[in-house]
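Please have the sequence and the structure open while I talk.

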Amino acid sequence: MRQTRAEIQKHENEPPIPIPCLNTEGLDSLLEQLEKLGSIQDIAVPYRNKTKPIRKIGGKGSKKGELDIPRGLALDGDKIYIADAKNNRIQIFSTEGKFIHEFGQRKLVYPYGIALHNEWVFISNLGLQAVFKFSKTNYKLIKSVKEGVSVSLGLTTDTNGEVLVADSGNIIAVFSSDLEYIREIGMANS
């Protein structure tokens, strides 16, 4: 059923309906941080009726501080790690949007997802169909693994440090924090 503009406007000022099964612990804090950050390469944050970007980070390009097809991002205190896919690197910005550092050049090919856990940076590398582990202190490559990954997309870490990788083969591959393959969740298509 299609709503008229008047019906849509009528509901714009209503508070959102809570979803009972959603764990919202820390959600307000995250949304406040996202509000401060604004957007990445013209992606608006439509929270609290704001439809225009609060801030932009980087511009389109390949120089330090510029982005071309940003994919995953991760927050670490006052730093934002961004998988700059087309430029084959990870860039780090301050929460104010200032360029801090880049790494992964000559090692990454189309980095897609990124997650942080303790002193490690985990990256799903779509172009090489692998998962990479870098040191967060000196940004050196610690390990990469292809076993258990066919086309790695997004990834995250859990509280135990396990790395969960979303694979286009309809599975979630689970690795230890040392990138040792543990198991898979789901079933690959035949």
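How many aromatic pairs does the count come to? Before I answer, please keep in mind that this is a predicted model, in which local features need pLDDT of at least 70 and side-chain atom pairs count only at pLDDT 80 or more, while totals for chains, interfaces and linings use all residues. Residues are numbered from 1 along each chain as its sequence is written, and side-chain values use heavy atoms, with hydrogens and water left out.

The count comes to five aromatic pairs, where rings of Phe, Tyr and Trp (its six-membered ring) pair if their centres lie within 6.5 Å, and planes under 30 degrees apart count as stacked, over 60 as edge-to-face and the rest as tilted. One of them is the stacked pair of Phe-103 and Tyr-139, at 4.8 Å centre to centre with 25° between the planes. This pair links distant parts of the chain, since Phe-103 sits in strand E6 and Tyr-139 in the loop between E9 and strand E10 (141–145), 36 residues apart. Phe-132 and Phe-134 have ring centres 6.3 Å apart and planes at 15°, so that pair is stacked as well. Phe-103, Phe-132, Phe-134 and Tyr-139 form one aromatic cluster. Phe-103 and Tyr-139 are buried, as are Phe-132 and Phe-134, where buried means under 20% relative accessible area, exposed over 50%, and partly exposed in between (1.4 Å probe, protein chains only).

Of the 190 residues in the chain, 36% are buried.

E5 pairs in the antiparallel sense with strand E4 (residues 79–84) over six bridges, and with strand E6 (residues 99–103) over four bridges; two strands pair if DSSP finds at least two bridges between them. Gln-91 is the bridge partner of Ile-82, while Ile-90 stands opposite Phe-103 in E6.

What are the residues with the most contacts inside the largest nonpolar core? This core has 15 residues, and the ones with the most contacts inside it are Tyr-81, Ile-90, Phe-103, Ile-114, Val-121, Ile-123 and Phe-134; a nonpolar core is a set of buried Ala, Val, Leu, Ile, Met, Phe, Trp, Tyr and Cys residues joined through side-chain atoms within 4.5 Å. The elements that give two or more residues to this core are E4, E5, strand E7 (111–117), strand E8 (120–125) and strand E9 (130–135), and E9 gives the most, with three residues. Apart from it lies another core, of twelve residues, among them Val-145, Val-163, Val-165 and Leu-179.

Finally, four strands form an open sheet in the order E11-E12-E13-E14, with antiparallel pairing. Strand E11 (152–157) and strand E14 (181–186) stand at the edges with a single partner strand each, so one side of each is left without a neighbour in the sheet. Between them in the order, strand E12 (residues 163–167) and strand E13 (residues 171–175) pair over five bridges, and Val-165 has Ala-173 in E13 as its bridge partner.
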